[in-house]
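Here are my notes on this one, point by point. Have the coordinates open while you read.

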Amino acid sequence: MFSFFNRLTAILSIKQIIIRTIILITLVLSSIIGMVFYSILTMNENQKAISKILDIEKQNTYILKILGTVLETETDILLAKNEKDFERIDSQLFDLDKIVKFQRLKESKYKSEYNPLINELEESLAYEIKLQQDFFSAVYTLYIYKQDLKNYLFKLEEVINEIHEKINVISEHSPSLKDNLFDLESSTFNLFTLLRDIMFVNSLVEINEIKKNKLEQSYLIVGSFLEELRINAKNDSVVSNLVNTINLSLVNIDSIKNSFILLRLNMFNQESNLEEIIASRTYQIAVITSNINKATEITEKIILDSLVHSDEITTRTIITAVLIGIFSFLILTFISIILVARVNNPLEHIIKMIDDILANKVSLSKDIEVEYNDEYKKLVDAFNQMTRSIDKNIQSLKMRDEEISLLNKDLEKRVELRTEELFEKNQKITDLFNNAKQGFLSLDRSLTVGKEYSKECEKLLGNDIFGKKVDELFDFESSEQKLFFNKTLLDIFNEKDEIVQNSFIELLPKEFIINRRAISMEYKRLNDEKFMIILTNITHKKKLEQKIKKEQQLLKMIVTIISDTTQFYELINDFKSFANNKLKIFDINNSALFNLSEIYREVHTFKGLFSQVYMSNSVKRLHTFESEISEYIKDKKFTNKELGKLLEKSDFLSWIDDDLEIIKSILGKEFLDEDSVVKVNEDTIIHLENKIKEYCKLDRKHLNNYEDILFETQRLRLRTLYQALTPYPKLCEELANSLDKQIYPFKILGEETIVLPTDFKLFVKSLIHIFRNLIDHGIEDIETRLEQGKNEKGTIVCSFKLEGDFLTILISDDGRGIDRNKIRKKVEELNLLPLEEFDKMSDEKVYDLIFHDSFSTKEEITELSGRGIGMSVVKNELIKINGTVQIKSVINEGSTFIFKLPYGRK
């Protein structure tokens, strides 16, 4: 068998065998795929047909459901008792437009039998729905007729009662007519009974009998009794008038009788119509039910045919698959035999010959031989030619080996001389780096320090830095910062774009404090595997900068004080007054927490005011005292006695001595002694004011003139609101610069003549906390503002005006606004109120929470903000003068504070 296949394929090359094999496999796979595809398509079509039939089955169920709904609705119609029931049923009635078009059979031998059934079903169902609507109309009309009958009966009872009342009146007026009245009353009652009986008759014959015989006779009897009564009482005007009234009532009864009988006749007609509708409906239901049963029988036949067809397809598919499998097995067996004969056997022979050559069992000059003249024959011929060529080359290489040995000895001498020259150059470069007063070190991709670093690195970073991780050489503030440093260095190594590399380098820290030295850092990527860091000691430069900054701060303090000496003197005097009366500030009757909070607010306000005039030493001492008070507040167990001891040991006046000494040394001692810019003795002005007030009480006739004079006199010693607010714009600009923010210069807007009442002073001073918060919390840094599409400079507005008896002060910014979510988080943290209650609060009430003690959305405490006291101070001073505040805020658009102060004739 093997030799037969061998001879059969001897004339073919291996390439031709492989090509024919691929073609055969392709044909087999194509047959299998075609068969599978055909089976899937056939089964899919069969599945669609079955799905279609199932949809038709659902359609039949849907028709029955509609029919059931119609029957249920008709039952509800019959059980309806009032107008609401009929309105509800009317909204549930089936509309012809709601009945969808039913499906028909398109490709089926049963379509000629099934589709006419569906047509008839559609028509029958539509007619049944119409009958349902007619049924509803008929029953509803009967209901209306019955309601009208009841109304007429009620009117009839009213008329009969009126007649009886008149009869009673006549009986009381003329007892002699009692017998006539009794007959009249009996006859009218009999008439009412006959009319009422009409409601309960069951045929038109009975109605006609009552109408022609009994009613007419009853009317004659009532008329005769009434006429007899009129004759007997003809001389009595009262009785005659009552008899006329009864006669009119009988006319009204006659009108009601006619309407009553007509309505009852209409009811008989409507009931006859309802019986016809019920009969038609019963017939239609029978027809629909019969058609649905026939349609169901047809669909069951179609499903049965589809299942039989599906079984036939499955059987054919299995037989075809078995035949193709047998055929594929035979073909693969044939291919395997051929490949073993033409590929595997020659390949084993070639490998054996090569192994013999490598083991020196056979000479390179001996050729390998194969049986067939195919690709292996060409391969073996090429291999034989190669081995003969290699044999020749080996002989030639032996001769050249001696020549190469001589050349190597000469090359070694030259390399030795060149190495000495390179060592001398490297030593010079190393000396240059070591004397450059800068540290140079290199890193590899593992961020490890290499051997190449200058001696300055050891002075700055310590000895033995080789092999250390670069992040171990520097002091990072946090693990996150350290991780970011490492990640950025790796990103620089991995980035190919030079522009992006430079962007990453800009993200690296430029300065470090190492061993109490200020070190600047420069970075440079040398190549894909090396990175260089240049370290420079800038400690002297930093000290010089700090000295210059301190002198600038001192200069700012002097210029600010000279610019507004009134404010400075007032601030010093107020603080001295606070220091001298520190034990009188708190009330022993109040809780220790309340008293401590009051002192906390005072200290916080003074800290802000001293910061406004750049008295930095005083600000630091006050900030330290604030921290001490804060610890007391957290403890919550201290007493007023302990608070008194704390105030006694605190020498407030000494806290401003350092700054006052500096001011004395620059402006002279006499500057501090000049504690008022008012040249007129202030006591004299106050005395004058009191005199004017006395005249106001004595001379009421000229009261307005005296009040005007008093107002002008007070202006001599009082500051204007404009003067009190003027320092704040400059404060805001300088504060923004210190925080690397920018704002447009702004001025206070308002009348310069509005006097600042004495009791308003502390409130206006407390506004420093509003302005500081606008800069610190509200205005964003330049990068953030540009990202949000804003101008890089922020805008602050401060204005005031008189509106009737109120002074309105408006302060606003165009910053980030007040974040409701941040306030919610702080409320939860401080447990101020339940979050459910917070979520229901309006924005206005939520914004009011920022005035709560110790409430601050800032994460860390600085000399500028973070304790949550400043806004509390503002609110406290506002309450003292009976003022109000309204806050408006929009996220990323800004916030506005509107203060309303009762001014009146202050």
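1. Starting with the surface: the protein exposes about 54,500 Å², and carbon and sulfur atoms supply 54% of it. Those areas are Shrake-Rupley values with a 1.4 Å probe, and for residues only the protein chains shown count as cover.

2. Bear in mind that this is a predicted model: local features need pLDDT of at least 70, side-chain atom pairs count only at pLDDT 80 or more, and totals for chains, interfaces and linings use all residues. Numbering runs from 1 along each chain as its sequence is written, and side-chain values use heavy atoms, with hydrogens and water left out.

3. Overall make-up: 29 helices and ten strands (DSSP runs numbered from the N terminus; helices are H or I with at least four residues, strands are E with at least two). There are 906 residues, of which 38% count as buried (under 20% relative accessible area, 1.4 Å probe, protein chains only). Take the contacts (heavy atoms within 4.5 Å) between residues at least 6 apart in sequence: 70% of them join residues at least 24 apart.

4. Now helix 22, residues 727–738. Its twelve residues should span 16 Å at 1.5 Å a residue, and the end C-alpha atoms are 17 Å apart, which agrees (the expected span is 1.5 Å times one less than the number of residues). Just after helix 22, Asp740 has a positive phi of about 60°.

5. What does helix 22 bury, and what do those residues pack against? Pro727, Tyr728, Pro729, Leu731, Cys732, Glu734, Leu735 and Ala736 are the buried ones. Their packing partners include helix 13 (565–580), helix 14 (592–612), strand 6 (748–749) and helix 24 (768–778).

6. Ala592, Asn595, Leu596 and Ile599 of helix 14 make the contact with Asn640, Leu643 and Leu647 of helix 16.

7. Against helix 24, the axis of helix 14 comes within 10 Å and crosses at roughly 70°. That makes the pair roughly perpendicular (65 to 115 degrees). Here His604, Thr605, Gly608, Leu609, Ser611 and Gln612 in helix 14 meet Ile768, His769 and Arg772 in helix 24.

Notes
Buried < 20%, exposed > 50% of the residue type's maximum accessible area, 1.4 Å probe, protein only. Axes fitted to C-alpha atoms, helices over the stretch in contact; angles between N-to-C directions. Parallel < 35°, antiparallel > 145°, perpendicular 65-115°, else oblique.
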